[in-house]
Protein chains: 2
Amino acid sequence: MNLETPALIIEEGQVRRNIAKMAGIAAACGVALRPHAKTHKLPEIARLQIGAGSKGITTAKLAEAEIMAEQGIDDIFIAYPIVTEAKLERLATLSRRINVIAGVDSLEGATAMNETALRRGVPLQVRLEVDLGFGRTGVPYDHALELAAAIAKLEGLQFRGIYTFRGFFMNGAPTLELEAAGLEEGRLMVELAERMRAAGLEVRDVSVGSTPTAEYAARVPGVTEVRPGTYVYYDRMQAVLGSCTLDECAAAVRVTVVSRPEPGRLVVDGGSKTFATDVGPGAPPLHLIGYGHILEEPDAVLERVSEEHGMVRVPEASPLRVGDVLHIIPNHICSTVNLHSRVYLQDGGQMRELPVAARGAIT
Amino acid sequence: MNLETPALIIEEGQVRRNIAKMAGIAAACGVALRPHAKTHKLPEIARLQIGAGSKGITTAKLAEAEIMAEQGIDDIFIAYPIVTEAKLERLATLSRRINVIAGVDSLEGATAMNETALRRGVPLQVRLEVDLGFGRTGVPYDHALELAAAIAKLEGLQFRGIYTFRGFFMNGAPTLELEAAGLEEGRLMVELAERMRAAGLEVRDVSVGSTPTAEYAARVPGVTEVRPGTYVYYDRMQAVLGSCTLDECAAAVRVTVVSRPEPGRLVVDGGSKTFATDVGPGAPPLHLIGYGHILEEPDAVLERVSEEHGMVRVPEASPLRVGDVLHIIPNHICSTVNLHSRVYLQDGGQMRELPVAARGAIT
């Protein structure tokens with residue numbers, strides 16, 4: 001295949017190995033695995049994950065879930081508060097077709113969802129999002145029991161349990177001790193579930209874990225499910241965090257050197273429209289250097305990007321020249337995938353082009 | 001129109017005013033206007049610009065030019081070095097259909113292009129990119145005459161002239177004196193063109209100017225063309241730079257408050273997949289606060305983003321609640337448009353959905 005650059009290439013063999021490894025961890029711990037599909041955005045990869053034992057998938061947005069459902073994925077957790085009438089109508093419609101669970105983190109949101117459920121005559125399954133200190137969505141931990149009790153009373157909703165995304169920060173400080181972080185994440189959520197049960201609530205799901213913490217959180221008795229996403233491809237951020245090695249990274253962007261204006265600098269044909277900038281150089285807790293890891297020239301640094309230009313600092317003696325091809329593991333693969341209309345799946349000598357079905361599905 | 005959020009809304013009346021204003025500046029200075037289409041990525045807006053007097057458009061990548069050409073745009077400058085054989089073939093094919101000029105900044109690139117031109121029997125028009133200190137692509141200023149002389153000897157190429165993108169930095173230091181920067185940009189390029197002419201080269205095009213510098217660079221006698229892009233919509237970065245007022249910004253992202261976990265924080269349904277992060281908080285020379293300007297609550301700060309979450313710091317007394325709708329002018333509109341599969345053109349009470357035709361056209 002005459003591949004025009006920049007192009008995002010996925011090594012299918014490595015994807016299968018990454019899928020098998022995480023499936024093995026979940027199985028060994030006796031927890032369900034529900035991978036976050038935001039990383040790949042591809043029904044085809046979701047099917048590989050389910051084929052390897054995943055119970056279903058996770059998405060962030062309703063639109064992603066709709067696209068996955070159209071392609072036959074029939075068990076989806078939407079880990080996001082859905083609060084507007086139009087989206088709640090769509091959720092009710094989706095709930096008639098497949099098994100779907102939605103996130104909720106406020107009484108206002110739960111009340112609106114309950115009204116839709118009652119009006120449409122569709123019971124809607126929910127999990128309460130709990131914030132362990134990341135400071136995103138999620139009810140603060142200390143208010144979770146009270147809110148869960150209020151939600152459980154809403155007749156149109158089926159209260160399923162609780163979930164969290166811990167993140168890499170606690171109270172603004174980086175967490176690099178993944179094992180301790182994962183164990184604490186699991187323990188806090190199981191303790192909360194126990195308090196809810198003591199108060200008379202039925203809590204079936206205790207869902208935790210992202211790629212760096214899943215394997216540790218899964219070990220905590222009482223955790224029922226983990227939701228890692230990035231592990232399917234991994235990326236440079238995960239390698240720096242210690243979740244994987246660079247060899248386990250299954251995705252790299254192929255670029256071409258288009259200019260070498262001076263001995264110490266070359267320019268490649270991918271910039272901020274090719275490499276995500278949401279995890280950039282200097283981002284704590286990673287202290288990343290540059291926007292990606294250049295496989296052919298590990299000492300070179302992709303130090304600046306504009307939309308279509310990537311400026312690479314190279315040793316002056318580097319033999320790289322205009323027309324040369326490089327492969328770069330991006331810092332953050334999920335948002336990088338979101339920039340690409342298509343990816344190229346490589347399996348040995350074979351390469352297939354796949355449209356990124358759920359790219360840009362933000363509604 | 002029942003608009004699901006997040007959604008990128010474009011005020012068509014303001015777009016027309018922005019287009020008319022820049023067209024007036026170019027006409028008054030007697031220079032051609034060739035807007036960079038990377039901002040809107042829409043053939044429909046390109047036609048508005050041409051209808052208001054633009055000579056043609058500029059694109060960064062060949063794929064953008066191909067999409068614009070398919071939609072009837074017939075005069076395009078691709079301001080990017082095209083160096084690989086496959087892309088040069090596409091360039092030759094495009095050159096048979098429309099008037100196209102390509103960028104070049106190295107002898108290797110020019111030589112490869114020359115070979116394609118001779119093999120295909122299609123003369124290819126080129127402009128030499130000159131770097132005034134931005135440190136991206138472009139031959140260093142002091143080497144430009146020598147390279148231009150070498151390119152002009154290549155029989156398959158038509159050497160048209162020179163162009164530059166000055167950027168907001170010179171030698172790593174921010175430039176906020178736009179008038180001085182624009183005048184210098186024009187003067188340096190005209191002086192270079194004169195030296196080339198004195199050496200016997202024909203230099204028809206002296207093309208300069210981005211949105212912040214175009215109106216000043218256009219005043220320099222000898223400049224023949226300006227290439228602003230962002231002015232069509234403007235954005236918060238341009239407002240901070242002083243190129244426009246916030247009132248002139250024609251594009252805003254409509255978002256919904258999905259959570260208010262504590263009095264001082266709310267979360268909206270757009271994050272780094274909705275707002276570009278390549279010009280983020282603290283980016284010099286802008287010293288921007290947050291990822292955008294929130295129209296309904298100017299004192300609130302969109303201070304953190306993850307892919308689908310935008311964390312907004314609000315005054316504790318703010319009455320905003322779950323379900324409320326906000327409009328946010330993004331820091332950088334060009335890369336923000338690139339995240340959206342569609343935009344919504346608003347003209348008075350009418351709203352139309354338009355696919356972003358050249359979104360993600362990075363090859």
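## A buried serine in chain A

With a relative accessibility of 12%, Ser243(A) counts as buried, because the cut-off for that class is under 20%. The model in which this residue is described is a predicted one. Ser243(A) belongs to the loop that runs between α9 (236–241) and β13 (251–262) of chain A.

The side chain of Ser243(A) is joined to that of Gln238(A) by a polar contact of 2.7 Å. When residues up to four places away in sequence are set aside, the residues touched by Ser243(A) are Lys21(A), Leu178(A), Thr211(A), Pro212(A), Tyr234(A) and Gln238(A).

## Relation of the two chains

Two copies of a chain are, in general, related by a rotation about an axis together with a shift along it. The same surface serves both copies, since 100% of the contact residues of chain B recur in chain A.

## Extent and polar content of the interface

Contact between the chains involves 61 residues of chain B and 61 residues of chain A. The area buried between chain B and chain A amounts to about 4,800 Å², and carbon and sulfur atoms give 49% of this area.

Eleven salt bridges are counted between chain B and chain A. In a salt bridge between Arg90(A) and Glu4(B), the closest N and O atoms are 3.1 Å apart. Polar contacts across the interface of chain B and chain A comprise 39 residue pairs, with both residues at pLDDT 80 or more.

## Elements on the chain B side

On the side of chain B that touches chain A, two or more residues are given by each of β4 (75–81), α4 (85–97), α5 (107–120), β13 (251–262), β14 (265–268) and α10 (333–337) of chain B. Of these elements, β13(B) gives the most, with five residues.

By residue class, the side of chain B that touches chain A holds 19 nonpolar, 22 polar and 20 charged residues.

Note on methods
Residues are numbered from 1 along each chain as its sequence is written. Chains are lettered from A and ligands numbered from 1 in the order in which they are written. This is a predicted model: local features need pLDDT of at least 70, side-chain atom pairs count only at pLDDT 80 or more; totals for chains, interfaces and linings use all residues. Side-chain values use heavy atoms; hydrogens and water are left out. Contact means heavy atoms within 4.5 Å. Buried area is the accessible area (1.4 Å probe) that two parts lose on being put together, summed over both. A salt bridge is a side-chain nitrogen of Lys or Arg within 4 Å of a carboxyl oxygen of Asp or Glu. A polar contact is a pair of N or O atoms within 3.5 Å; within protein, one must be able to donate a hydrogen and the other to accept it, and residues adjacent in sequence count only if both atoms are side-chain atoms. Helices (H or I, at least four residues) and strands (E, at least two) are DSSP runs, numbered from the N terminus. Ala, Val, Leu, Ile, Met, Phe, Trp, Tyr, Cys and Pro count as nonpolar, Asp, Glu, Lys and Arg as charged, and the others, Gly among them, as polar. Buried means under 20% relative accessible area, exposed over 50%, partly exposed in between (1.4 Å probe, protein chains only).
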